[in-house]
Amino acid sequence: MNTNEFWALIGDAARDGGTPDTVADRAATALATRDADEIAGFERHLRRVLDASYKVDLFGAAYLVNGGCSDEGFDAFRGWLMAQGREAFARAVGEPDSLAELPAVKRAAVTGEELGSEGMLAVAAEAHRRATGLELPEEAATKRPNTDDFWDFDDEDEVRRRFPRLAALFNEAPAE
């Protein structure tokens, strides 16, 4: 499975809207119609996307949006972000402050909803189970960056400097 096929499958699953877990279920259903090698290829591609998107500033943005973030929470956040589509995902990886443009992020700033989808991370495992009745063979663990590169995600001045639009949504008092 190549990059275009990976994102097309997710895009097709998201076409009719719904929650990220609904998108994940549709993607797993579609992927389950393919052979086991293609399902494993989706999982390998998912791991590459996770590795490539493990960026300190994206982690910081997830921390701000979700009111804190662990490694597992960051994985789930990126699962949610995958369900938003290729363009939104790529833009957020390159410019995390662009997350402020997404309707779900604007809504989360008001409601406090935590954005994440473990279901998107399990699409290939679920598809493999549906297609074969067996567990998907385990892939190598996703690599983690050196956390010494992290900056203080609770420093409001630094957050405002790095993410002015997100800070306006999450850290600034609403205008009267």
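Here is a quick tour of the salt bridges in this predicted model.

First, some ground rules: residues are numbered from 1 along each chain as its sequence is written. Local features need pLDDT of at least 70 and side-chain atom pairs 80 or more, while totals for chains, interfaces and linings use all residues, and side-chain values use heavy atoms, leaving out hydrogens and water.

Side chains of opposite charge can pair when their charged atoms come close. Here a salt bridge means a side-chain nitrogen of Lys or Arg within 4 Å of a carboxyl oxygen of Asp or Glu. That rule gives 18 salt bridges, including these:

| Pair | N to O distance |
|---|---|
| arginine 162 and aspartate 57 | 2.7 Å |
| arginine 165 and glutamate 95 | 2.6 Å |
| arginine 130 and glutamate 126 | 3.0 Å |

Helices are DSSP runs (H or I, at least four residues), numbered from the N terminus. Arginine 162 and aspartate 57 bridge distant parts of the chain: arginine 162 is in helix H10 (residues 156-162) and aspartate 57 in helix H4 (residues 56-66), 105 residues apart.

Arginine 165 belongs to helix H11 (residues 164-170), and glutamate 95 to the loop between helix H6 (86-94) and helix H7 (103-111), so their bridge ties together parts 70 residues apart in sequence.

What separates arginine 130 and glutamate 126 in helix H9? About one helical turn, because they sit four residues apart in that helix (residues 123-132). Salt bridges with shared partners also join Asp25, Glu126, Arg129, Arg130 and Glu135 into one network.

Technical notes:
Helix = DSSP H or I, 4+ residues; strand = E, 2+ residues; numbered from the N terminus.
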